[in-house]
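Student: Hi! Could you walk me through this one while I have it open on my screen?
Tutor: Happy to, let's look at it together.

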Amino acid sequence: MPTVSAYGAKSATEPLAPLTIERRDLGPHDVLTEIKYAGICHSDIHTVRGDWGRQPYPVVPGHEIAGVVTEVGSAVSAHGVGDRVGVGCMVDSCRECANCRRGEEQYCLAGATYTYASIGKDGKATQGGYSTHIVVTEDFVVRIPEGLELDVAAPLLCAGITLYSPLRHWNAGAGRKVGIVGLGGLGHVGVRIARAMGAEVTVLSQSLKKREDGLRLGASDYRATSDPDTFQQLAGTFDLIVNTVSSPLDLDAYLGLLATDGTMVHLGGTVEPMPVSAFSLLSQRRSLAGSGIGGIRETQEMLDFCAEHGIGAEIEVIAAEQINEAYERVLASDVRYRFVIDIATL
Ligand code: NAP
Ligand code: ZN
């Protein structure tokens with residue numbers, strides 16, 4: 001069993017630190033990837049800090065993984081040595097349930113195996129991408145197209161698909177007005193993708209500090225949610241609002257921004273319950289929905305779409321020893337717009 005270098009958390013209260021983990025021996029359908037870059041998703045922070053409950057420590061986070069294949073199992077046909085590949089939030093699923101069969105493994109009825117802090121089919125806790133190598137079954141490895149650099153592609157494996165999937169599902173496109181709440185890791189990629197799909201995009205951010213960036217990324221309007229006028233001026237505007245904020249929001253206020261038949265999709269991993277008035281929904285046949293990442297087939301489609309439209313994440317590349325500091329900056333909404341770890345510094 002190969003031992004590899006990693007960076008992870010030994011408990012919810014200790015900072016992340018260097019450690020070593022074991023990867024499984026290559027099975028016939030496995031792909032060994034040398035990780036070059038790993039994005040820092042806010043979910044990594046929720047997980048290691050225990051926001052979402054007890055974790056199988058030590059936890060090595062990281063589900064925005066980009067690298068190069070260095071070895072493949074005897075039966076692997078989808079990937080070869082030297083291929084540029086990505087691994088996102090899932091590394092396996094039951095493959096038999098109705099959702100898996102239609103390519104929506106993220107909604108696997110038996111529960112997908114997540115890239116880290118999940119119990120794999122071998123009974124062991126999975127460990128993520130803040131590490132030098134990862135072994136994943138070929139069906140959960142995707143191809144990173146030519147034209148997308150690995151560093152800017154890494155965040156697409158979670159942030160990209162998490163926005164692409166609901167934008168497609170709720171038909172973001174020409175003639176549709178889309179509001180994106182929160183210009184962080186998820187939000188900024190969402191602006192680019194929604195714009196490329198042809199939608200008219202408005203960013204709803206806490207302040208106007210990042211307005212220029214929002215417009216450059218493709219938004220045609222940028223509003224501060226700290227300004228009560230925003231909610232009056234934009235009332236009844238959007239066909240779709242995508243909420244990337246993990247803190248609780250005043251849902252009634254945001255639902256009031258939806259046009260008739262509009263949908264607000266919640267993506268943030270908010271732990272606290274959020275009250276909602278029935279009248280915010282029934283008065284204009286509005287919907288409140290949620291969406292989780294996307295399936296493997298759709299993840300490949302998203303990467304191909306991003307390559308075709310020249311969409312990568314806007315990143316700040318950091319060394320492994322800066323991970324804890326980066327976490328604090330993400331928590332302070334001081335991220336422009338995704339931290340990506342250069343795994344060579346591990
Ligand atoms: P992020 O980079 O921290 O971005 C979140 C943004 O939300 C911030 O940049 C900030 O933007 C805004 N925000 C933060 N605190 C706020 C508050 N108290 N009130 C209003 N706005 C606030 O995080 P991320 O990596 O994009 O992830 C966002 C959330 O999505 C996390 O909870 C994460 O776990 C979750 N997530 C869900 C999925 C899924 O499948 N559904 C996938 C990945 C991540 P402004 O400064 O512009 O206001
Ligand atoms: Zn994520």
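Student: Which residues coordinate the zinc ion (ligand 2)?
Tutor: In this predicted model, the zinc ion (ligand 2) is held by Cys41 through SG, His63 through NE2 and Cys158 through SG, at 2.0 to 2.2 Å.

Student: And how are those donor residues spaced in sequence?
Tutor: The pattern for the zinc ion (ligand 2) reads C-x21-H-x94-C. Cys41 sits in the loop between strand 3 (30-39) and helix 1 (42-48), while His63 is in the loop between helix 1 and strand 4 (65-72). Those two are 22 residues apart, so to speak a link between distant parts of the chain.

Student: Are Cys41 and His63 buried or exposed?
Tutor: Both Cys41 and His63 are buried.

Student: Switching to helix 4. Which of its residues are buried?
Tutor: Helix 4 covers residues 159-169, and its buried residues are Ala159, Gly160, Ile161, Thr162, Leu163, Tyr164, Ser165, Pro166 and Leu167. With nine of the 11 residues buried, helix 4 is largely enclosed by the rest of the structure.

Student: What covers them?
Tutor: The cover for the buried residues of helix 4 includes strand 10 (177-181), strand 13 (238-243), strand 14 (258-266) and strand 17 (338-342), along with helix 5 and helix 10.

Student: OK, helix 5 then. At what angle do helix 4 and helix 5 pack?
Tutor: About 50°, with the axes of helix 4 and helix 5 (residues 185-196) 8 Å apart. That makes helix 4 oblique to helix 5. The crossing is right-handed.

Student: Which residues meet there?
Tutor: From helix 4, Ala159, Gly160, Thr162, Leu163, Tyr164 and Leu167 meet Gly185, Leu186, Val189, Gly190, Ile193 and Ala194 of helix 5. By class, this contact has eight nonpolar, four polar and no charged residues.

Student: And how do helix 4 and helix 10 cross?
Tutor: Helix 4 and helix 10 (residues 296-309) cross at roughly 95°, and their axes come within 10 Å. The two helices are therefore roughly perpendicular to each other.

Student: Which residues make that contact?
Tutor: Gly160, Ile161, Tyr164, Ser165 and Arg168 in helix 4 meet Glu298, Thr299, Glu301, Met302 and Phe305 in helix 10. That contact has four nonpolar, three polar and three charged residues.

Student: Last one: which residue just after helix 4 has a positive phi?
Tutor: That would be Asn171, with a phi of about 60°.

Terms used
Residues numbered from 1 in each chain as written. Chains lettered and ligands numbered in written order. Predicted model: local features only at pLDDT ≥ 70, side-chain atom pairs only at ≥ 80, totals over all residues. Heavy atoms only, no water. Axes fitted to C-alpha atoms, helices over the stretch in contact; angles between N-to-C directions. Helix = DSSP H or I, 4+ residues; strand = E, 2+ residues; numbered from the N terminus. Parallel < 35°, antiparallel > 145°, perpendicular 65-115°, else oblique. Left-handed = near helix turned anticlockwise from the far one by under 90°. Contact = heavy atoms within 4.5 Å. Nonpolar A, V, L, I, M, F, W, Y, C, P; charged D, E, K, R; others polar. Donors = N, O, S within 2.8 Å, 3.2 Å for Na, K, Ca; no water. Buried < 20%, exposed > 50% of the residue type's maximum accessible area, 1.4 Å probe, protein only.
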